[in-house]
Each structure stands twice: as structure tokens, then as C-alpha cells.
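Keep the view open and follow the points in order.

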Amino acid sequence: MNRKLVLWLPFALMAALFISFLASLSNSPEKVIASQMVGQPLPEFAAGAAIPEQPGAATADFRDGKPRLLNVFASWCVPCIAEIPVLMELKASGVEVVGVAVHDTSVDLTRFLATNGNPYSRIGLDQGGRAQIALGSAGVPETFVVDGQGKILYQHIGVVTEADKTKLLAMLGVVK
Amino acid sequence: MRILKILIAAMLLGAAPAWAQDLADISLSDPKQESQALALMDSIRCVVCQGQPISGSNAELAGDMRRIIRERIAAGDTPEAVRTMLISKYGDWVTFRPQLKPATLPLWIIPLLALLAGVWLVSRRLGWRQN
Amino acid sequence: MIAEAGLAALWLAATMALLQLVLGALVLGRGQTSLGRAVAPVAVIQAALVGIAFTCLIAVFVTSDMSVLLVAANSHSAKPLIYKIAGTWGNHEGSMLLWVTILGLAGATIALFERTLRADTKLATLSAQAAIALGFYVFLLFASNPFTRISGVIDGQGLNPLLQDPGLAFHPPTLYAGYVGMSAAFSFAVGALITRDVGPTFARAMRPWILGAWILLTIGITAGSYWAYYTLGWGGWWFWDPVENASLMPWLAATALLHSVTVLATRDGLRTWTIMLAVLAFSMSMVGTFLVRSGILTSVHSFAVDPRRGLFILGLLSVYITGAMALFAIRAKTIAEGNRFELVSREAALVINNLILTVILVVVLAGTLYPLILESYNGDKISVGAPYFNAVAGPMAVILMLFLAAGPLMRWRSDRPKALVERMAPALFSGAVMLLMLAAFGGTIGYLPLIGLVAAAVVGVGSLAPLWKRDLRRTPLFTWGMVIAHFGCAVSMAGMASDSAFTKENMVSIAANETREIGPFAVTLLGVRERPGPNYQILEAVVSASKGADGTPFEMTPQLHAFSDPVMTTNQAAIKTFWNGQLYVTLGENSDGSKFLLRMWWKPFVTFIWLGGILIALGGTLSLIGRVRRDIWKKQAEPTAEPIEVPA
């Protein structure tokens, strides 16, 4: 090879490095870890009743032909409060929302639901993050759309806002 | 092992948060299994914290993963089976040891190319011919 | 008032840097040599002005002037004085000002004390230095003004509790000084390319800067590693975290440069390669700064960031580095190749050292950046961590160690292989003894720790061999420096390998007065108590440990510190050091009423890791003193080549 070309090689390598840096600057600064379970059947889990008034949540509940939302939340999670009103509206539109509370206690949950409202038809208390890990969920709040056959259609990471409602309702097959 | 399970069961009945003290933070009694579990935990990335392995994180979800890893290893699963299980949930991001596949090949090819280029440069440009 | 004075000084310093650059360009480009004499004083004035600006920033932090945005966002009036001062550089703007302050001081030092270099090369070096500084001044003044005022703030937001640690207060300045030292080497390289003055004199002028920077980087990395070890509370000392890698990369390049510049100074060989490495070492410093400051990496150490700043630093970085690389490509072919040498010679060993260090650098760079590149290319998220780096860089580090043992025992230019083997015999013998001992008593240990320990034994003995049969009182200081630094490498590698081969770990949940075993120790929990600390609440376990059944018991108190502002819990490990290792105990967070989580490690010879680091830095320091002394002393006589040392 020509020596002249070899001498330009470091220049080319560095320039390539900087172009890749430029590209990486546009990477999302939010490091959200999406679940790999989307498109797959809901994994097996069974979370016992979180509060005495309502039943717990388990995989079997999702196979009766009715699409549902599965909301992973916690009473200690501040953003979770923000999405409760939206979940209430979804409930009013006829959507069933199943809650899975992670790293939580019955007492705290009762207080949380009394203050902020209770959009859930069932709430499972996830012991040791087993349901959360089975779902591939990395944090709270996260909301999964599960179809009537118990398949996960979609994962919404973060707070569900008014803007997300239409999309979720469409996916759930609720005509708006 | 059985004693440990009884201990966990006893704790589950206790008033304190049920996940507080168990395999998330307690070594397995079999040292060989424990060292396998530790090696795996060192190479699994905590999904809520930034850039730490679950073996060095105080996050609760990291503790949950440590518990599941110790349970699975104690039940006789191989570390690789557990790793595969976690990748099936969270994707390749969760393992600090990149899986060997086309998209990760540059990680090995780039150093190899650098080595070859270096050897070539040394032999060509510097040349150890006698004067 | 102080803040405004600081800002004014910063503007003036920037003007001086511009003047310095313009003057340099006029002299070199237009041949107006009469202006040349003004450059050095301008460099000194620039340093004084930026020094004043930085002093002003320290002053507003010390007086807790909450009308300055930076102080309000990063300090608190109730903080101890030392953390108020450290708060000055514990944030983005302050650390950038510190960066350019050290850069200014380096420029002034070159202006005042550099006398061996050709006048035009020195001028070109100072101009390059001014160009770098100017970029940072623009960055500070237009995108990161540290003196911005705000109103209506009563008290500050405090400093991240994890950063409130005496070691950490001085960690960033050490690393920055190291990075800036690399910038001086870069300026020398650019200066020499401009004036085509690449030779032994230039190498000797550049060498103290490389050595100094390298010593500071070594200290910074060693201290950072020990900090992670005792504050993160999980017994780990190196995580291959992107921010750690960002400090390791310049160190690897600087280590290679240090060795190649020796070939250039002594034998007038490796001319273009040394220039290349000087540019590369500074590039890695800048890339490190960029990676940490731009927030494109996720790391435990990351600072709050602003993408616009990332773009700005990237712009600066690209201009300097690609500019230097282009200059290199244009000028390198006009630089005659240096002296040749044979396969078995000290130069060849140093070239292989350079080759391996560079490939390790490529591994670290690829492992750190590839996930980012892949994500921006197709959105895939992967992680590259310890298992990759250990598997790929580990074996190369071991091979490097073997050349490290052999190199100093070789003659320059050419050597007889048989004579080399004879000189290496004691080192190889000690390696064989280590291998036999490990096979007999070591139990099952991994293959990498095993060869690591054997290599450490070979290097430990081999590194001392250059002193063999020598009059120790007449051995030059820089030879002592080399021997000690190389011995430090062996010590450090022994510590790393021993830690990964022999560490015992036990995590338990126990009640008061229960006892558990860890390695050779029995640890009993005496009790747990709560008490207030300076600005946090302390939960403290009192444990009694003893070695063997009849050992003297000693107390250890691992703590948890609960901060309220911001809410955060930090771990304070209890560490007991013995000559042959450390007992490391931490208190876990999720302890409930009667049972407590204790995490215990027995880490044989783990202290050798940092002891080795200290020895390496000490060796570097001795070498620096020896070199500077000799270079000053030799200046009277005409320096052509250094006397060639002959190994015994």
C-alpha cells in the first residue's frame, strides 16, 4: 500500500469515530429497557391478593377472550399517581385494568388507592418481583396490553397520559 | 437448603416486608453453586440503575434478580440457562457478556484487525533488516 | 462583585490566548520574527488571568454566594469548607474552568522554563497550546458560563452525598491535570510537525510532560479504583464502567507514548510513531472528557448533562484531532525515518510494548463505544462489560507483562537471544516456582488468574534484574524509576490475580451474638445502633472478628449513612487490613427488626492492586526527577544522543 494513504488512515479513523459520536448524540438519553415479551403469550405468574377487598392477579385470568390492560405500579411510585385518573377514564370506557403492585405492602396500597382512586378490577401483590421479571418489566409504571387469548400486544413504558388513551382503546378493541 | 427454605417461609409470614431477607442477599450453602451464581450476577446488568451489575446494586429489582438466580442455580439450572432466561425477558442489554452473533462480531474483529495492522506496520515500516 | 471580576478575567484570558495564537501564526507564517519575543510573556499573562478567574470561582463557593447560579445549584451553606472548595470543580462549568486553568499554567511553564527546544518549535508549541485554550474559553464564555447570576435563592441544593468524600474532592483535579499534561505533549507534537523538528532534542523536551501527565493519570486511576472499592460497598475495585474506561484510555496511550519517546530520545527511532501517539494520547483525553460530559454514556458516575454542550465539545474535539491528524498525514512523509534495529533488541521490545498497549486501547475503545454505535445504527441495545474486557484485554495484558520483564534486559539496537535467555533465567525460574506452588496449594483457580500470578512472579523478579551486579549508588535515578515502576506492575497484577483467584465471599442474615465464618475469620454480630452524623443519620453494626479459634478479637463497624437532602443511602464498608489481605464487611440495607444482613469478603493480597499503582507512580516520579536533572545538567554539553546503557 501507498505510504501516503497509510498516513491518512489515522485521519480517516478519527473522522469516522467523530461521525459515530455525532450519531450517538441523537440516541435517546432515556435508557428504557423494553420487554422482549411483547408478541408472546403472557408468562406464567400468580400474585396473591394485594388488598383484602379485591382478588389477586394470575395468568389464567387473561384467557377468557377479553382484552385487558395489565398495569405494573407501586404505592411508593410518584409518577404512578399521575396516571390513575387516565386509568379511571379507561375503566369508565369499559376497559378492565389489572394491577400488579411491586415491592409494596397491603397497608400502603390501601392508603394509596383511598387517596388516588382505584381503577383496578384485580390487584396482585408481586412477591419478590417475580411477576415483574416474568413480564420483562424494568420499572414502574408500565402498562401491557393483553389480548383475549392472553398474548401481550404492546408495552407502554412510563405514565399513561390522555394522549395515549386513543391508541390503547384501539388496541383493546374498544370502539371510540 | 431445607433449613434455608423454612427460614424463608418463616420470614414470609413475618410482619416486615416479605422480600426483605432471603436469597437476594444471602449466600447459597453450597460454595460451588454460590460461586457460579456470583459469577453470573457479576455479568447481569441491573435494569433500573445505570451501568452496574446486579451483584453490586442496592436496587430492589436487582435483589429480585439475585434471588431468582440463586434459586435457579440451587435448583440445578446452569448459569447459561438462567442468562438465556433473563435475555428472553429484557433482551441483550441485560447481559454484560455480549452474545456472539453478527451484530456483535465487530467487538472481536476490530481488535483483531488492529493487531494485524500493527504487526504489518511494525514489520513493514520499522523493518529489522541489518544495516 | 467577585463573580463579575472572575468573568472579566476570563474574557481577558481568552483575548490573550487569541493574541498568543495570532502572534505565533504571524511569526511562523509571515516570518515576522521580531514579534516572537512577545509570545512567551503573553502566555504567562494568560495563565495569570485564568488563574484569577478560577480563584474568583473558588471565592464565590467559599463565601456561599447564592446569587451565583453555579453555587446555588451545587453547594450549600452548611457544607464543610473542604467540600465547598471541592464543589468548585464538582460540576460541569467549574471543572471546565479548572481544565483551562491547568492548561494555562502548563503553557506558562513551557514559556518560562523550556530552553532546549529550537526557538521556532517552542513558538509553534505555544501557538498550538493557545489554539486549544481558545476553544475552551469560547466554550466557557458562550455555553458554560460559571459566573451566571440568578436571584431569589436562599440556599443551595447541596452536593451528591456520594461525592462528599475527601478522596473524591481531589480526584478530578488529578485526572484533569493528567489530561492537560497530555495536551502539552500534543502541542509539542503539533509544534514539531509544523517546524519539521522531530528528533531527540524534541523528545527530551516533551518527555517530562508525558511523564508528569502519566504519573497524575496513574494516581488518578489508582485513587478512583480504591474509592469505588470502599464506597460502593460490594468489594469490587474495577467495573469497566464507561467513565473508568474514559480515564483508562488516555493512560494506555500515555504509557505507550512514554516508551516510544524513550526510543526517540535515546536512539532517534520511531519518529512518526511517537508523533502519532502524542496526538492519540491527547485525543483519548478529549474523548474521555467528551464521553463523560456529553451524557451519551450511562454510568454511575455520570453528571447531569446538556446535549448542546456535548455537541460543542465534540466540535472542539473534531477540529483539534482531525486537524492534527491531517497535519500528520501531510507532514509525516517529510520526516525521515529514524534508526533501524533488529528483532531482538530493546527497541523491538518497546515497539511490541507499544503494539500491545495500542491493541488493548482499541479493545477498551471498541467495547466502550460499540454499544453506542450499534444503538444509533439500528436501535439495538447491547451491553459490553467485565466479561468481554477481561477475556479480550486480560490475555494481552499478561503477554505485555512478559515483554515488560524482558525489555529492560535487552541491549539497544541488537542483542543475542541466548544472552537474553541467560539474563532472564532467574525471572523464568521464579515463574516456574510460582506455577508449581499454585498447582500444589492453589486449589482450583481460573486460567487467567493463574497465568496472571505466574506472569507477576516472572516480572517481579525480572524487573529487579537491571539492578543486578550494578553499583546501586551510581545507578541513575531514572533507572531506579523504571525498575520500581515495572516492579509495581508486577505487584499490581499479583493483587488483581490473587483477588480474582482467592477471594472468599459470604453474605449472611444474622441476629445479635450469632457468628459466621469468612475465610480464616469468625465474625460475630455484637449489635446494631443508630446515631446522628454531621449531615446524615448513621446505622452502625458492631461486629467482632477474630482469626482462627484463639485469635485476638477486633471490632469492625460497617455503617449505612442515610442522607435526607437529597434522599439517599450510602454504604460505609468496614475494612481491616492485614499484610496478606483485607477483611471487608458491609451492612446490607434491607435489615429488619432482629436480623441484619452482613456481606463479608476476605480478599487475599487485594491491597497489592493499589500498592502497585503507588509504586508505578513513585517510579514515574523518580524517573521524572532523574530526567529533568540530567537534561538540565546536559544542556551545557551538546545533546546528540543519550549514553547507551548496557545491561549487565
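This is a predicted model: local features need pLDDT of at least 70, side-chain atom pairs count only at pLDDT 80 or more; totals for chains, interfaces and linings use all residues.

1. The contact draws on 42 residues of chain B and 43 residues of chain C.

2. What holds polar groups together across this interface? Between chain B and chain C there are 8 residue pairs in polar contact, counting pairs with both residues at pLDDT 80 or more. Salt bridges number 0 across the interface of chain B and chain C.

3. Now look at the chain B side of that contact. Two helices of chain B, helix 3 (60-74) and helix 5 (106-126), each bring at least two residues to the side that touches chain C. Helix 5 of chain B gives the most, with 12 residues. Sorted by class, the side of chain B that touches chain C has 19 nonpolar, 15 polar and 8 charged residues.

4. Please turn next to chain A and chain B. Here the buried area is about 2000 Å², with 61% of it from carbon and sulfur atoms. Chain A contributes 22 residues to the contact and chain B contributes 23. On the chain A side, A:Ile33, A:His103 and A:Ile133 lose the most area to chain B, and together they make up 32% of what that side buries.

5. Which side chains form the salt bridge between B:Glu71 and its partner in chain A? The partner is A:Arg130, and the two side chains meet at 2.6 Å, taken from N to O. The interface of chain A and chain B has 1 salt bridge, along with 6 residue pairs in polar contact, again with both residues at pLDDT 80 or more.

6. Helix 1 (3-25) and helix 4 (130-135) of chain A are the elements that give two or more residues to the side touching chain B. Helix 4 of chain A has the largest share, 4 residues. The classes on the side of chain A that touches chain B are 9 nonpolar, 9 polar and 4 charged residues.

7. Helix 14 of chain C passes helix 15 of chain C in a right-handed crossing. Among the residues making the contact are C:Pro426, C:Ala427, C:Ser430 and C:Gly431 of helix 14, and C:Leu450, C:Leu453, C:Val454 and C:Ala457 of helix 15. The residues of this helix contact comprise 11 nonpolar, 3 polar and no charged.

8. Most residues other than glycine have a negative phi, and most peptide bonds are trans. In chain A, the peptide bond joining A:Val140 and A:Pro141 is cis, with omega about -10°. You will find A:Pro141 in the loop between helix 4 and strand 6 (142-146) of chain A.

9. Where does C:Ser64 lie? Look in the loop between helix 2 (36-62) and helix 3 (69-74) of chain C. C:Ser64 is not a glycine, yet its phi is positive, at about 50°.

Conventions. Residues are numbered from 1 along each chain as its sequence is written. Chains are lettered from A and ligands numbered from 1 in the order in which they are written. Side-chain values use heavy atoms; hydrogens and water are left out. A crossing is left-handed if the near helix is turned anticlockwise from the far one by less than a right angle, and right-handed if clockwise. Contact means heavy atoms within 4.5 Å. Ala, Val, Leu, Ile, Met, Phe, Trp, Tyr, Cys and Pro count as nonpolar, Asp, Glu, Lys and Arg as charged, and the others, Gly among them, as polar. A salt bridge is a side-chain nitrogen of Lys or Arg within 4 Å of a carboxyl oxygen of Asp or Glu. A polar contact is a pair of N or O atoms within 3.5 Å; within protein, one must be able to donate a hydrogen and the other to accept it, and residues adjacent in sequence count only if both atoms are side-chain atoms. Buried area is the accessible area (1.4 Å probe) that two parts lose on being put together, summed over both.
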